[in-house]
Amino acid sequence: MIFAAIDALKEKEGSNKSSMSQYIESTYGDLPAGHANLLSDNLNKMKEAGELAMVKNNYLRPDPSLDSWAGSGSWRCTTGCRRCNRVATPRWASGKGG
């Protein structure tokens, strides 16, 4: 549901939790009473697992063309966000081919 919401919303800077919640509610209808808490928990788990990134309170899918950081389970930020203070390096510049 989360990936479907992000894909359907097509927001360039990522989707925030409230816009995803509204999309999920309008698309899937009858949801459990704890929907907001479940969404928050799942977003946090997906972020920690490297399946999603959070930039300025918006969630994004990671760019599959970028290398992951060795052993961290995270992906390289495409914006050089404050959280990671890193800027993505193209594969050809990192010496890893591509």
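Good morning. I begin at Gly29, the residue that follows helix H2 and has a positive phi, near 70°. Helices here are DSSP runs of H or I with at least four residues, strands are runs of E with at least two, and both are numbered from the N terminus.

A word on the source. This is a predicted model, in which local features need pLDDT of at least 70 and side-chain atom pairs count only at pLDDT 80 or more, while totals for chains, interfaces and linings use all residues. Residues are numbered from 1 along each chain as its sequence is written, and side-chain values use heavy atoms, with hydrogens and water left out.

Let me stay with H2. This helix covers residues 17–28, and its 12 residues should span 16 Å at 1.5 Å a residue; the expected span is 1.5 Å times one less than the number of residues. The end C-alpha atoms of H2 are 16 Å apart, which agrees.

Which residues of H2 are buried? They are Ser19, Met20, Ser21 and Ile24, where buried means under 20% relative accessible area, exposed means over 50%, and partly exposed lies in between, with a 1.4 Å probe and protein chains only. The cover over these buried residues includes H1, H3 and S2.

H3 spans residues 35–48 and contains Ala36. With a relative accessibility of 47%, Ala36 counts as partly exposed.

I turn to the chain as a whole. The protein chain has 4 helices and 2 strands, in the order α-α-α-β-β-α along the sequence. Of its 98 residues, 31% count as buried. The accessible surface comes to about 6600 Å², and 49% of this belongs to carbon and sulfur atoms; such areas come from the Shrake-Rupley method with a 1.4 Å probe, and for residues only the protein chains shown count as cover. Among contacts (heavy atoms within 4.5 Å) between residues at least 6 apart in sequence, 34% join residues at least 24 apart.

How many salt bridges does a search of the whole structure find? It finds 1, a salt bridge being a side-chain nitrogen of Lys or Arg within 4 Å of a carboxyl oxygen of Asp or Glu. Asp7 and Arg61 form it, with their closest N and O atoms 3.2 Å apart. The pair links distant parts of the chain, 54 residues apart: Asp7 lies in helix H1 (residues 2–9), and Arg61 in the loop between strand S2 (58–60) and helix H4 (91–94). Asp7 is partly exposed at 38% relative accessible area, and Arg61 is partly exposed at 39%.

Thank you.
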